[in-house]
Amino acid sequence: MNKLISLALFSVAITTFSCNNPDAQTGADPDNVREGLIFPKGEKIENGHFHGTAWLTSLVVSDSTNFNAVGSVTFEPGARTNWHLHPAGQIILATGGVGYYQEKGSPKRILHKGDAVKCPPNIPHWHGASPDQQFIQIAITGRENGPTEWLQPVTDEEYDASK
Ligand code: MN
């Protein structure tokens, strides 16, 4: 290709990249930098099993040699899952914000960045954001005993309960 044309196209590409990405020098996603995110926010969850707005990035897909599915979920303030259970359990790693986790019959727990929760197999529970702050979690979900079983929505009374 003609050198001049190449240079012109390169300049256009750099300009476009710079306009869309204030952190062009580091290559970091500006949304991630601003919010301190580890993983991208991902796609809006539209499966009908959540209340409010939540986002999912799938990080690892389970397969026949490693049955764990790993995903990063971002709950906007007030957003939460429905009650549900995982036949092979789940590990939740809190990576940002303030969230809630509750197992059926137990008090609601408040989760902060750095907290880890081991959710036993087949125990109904829910997780989500606090009313005023988003919550970001990595969920590691065993899939060897079957898919997540979704149950009823978390009522406002349950969400607001102090225990
Ligand atoms: Mn769960």
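Author: Gladly; what follows goes through a metal site and then a threonine. This is a predicted model, where local features need pLDDT of at least 70, side-chain atom pairs count only at pLDDT 80 or more, and totals for chains, interfaces and linings use all residues. Residues are numbered from 1 along each chain as its sequence is written, and side-chain values use heavy atoms, with hydrogens and water left out.

Reader: What makes a residue a donor to the manganese ion?

Author: Donors are N, O and S atoms within 2.8 Å of the metal (3.2 Å for Na, K and Ca); water is not among the atoms, so sites may look incomplete. His84 (NE2), His86 (NE2), Gln90 (OE1), His125 (NE2) and His127 (NE2) coordinate the ion at 2.2 Å, so they qualify under the 2.8 Å limit. Glutamine 90 in strand β7 and histidine 127 in strand β10 are 37 residues apart.

Reader: Why is glutamine 90 called buried?

Author: Buried means under 20% relative accessible area, exposed over 50%, partly exposed in between (1.4 Å probe, protein chains only). Glutamine 90 has 7%, so it counts as buried. Histidine 127 is buried too, because its value is 3%.

Reader: And why is threonine 57 called buried?

Author: Its relative accessible area is 12%, so the label buried applies.

Reader: Which residues does threonine 57 touch, not counting those up to four places away in sequence?

Author: Contact means heavy atoms within 4.5 Å. Threonine 57 touches Pro40, Lys41, Gly42, Val70, Gly71 and Ser72 on that count.

How values were computed. Helix = DSSP H or I, 4+ residues; strand = E, 2+ residues; numbered from the N terminus.
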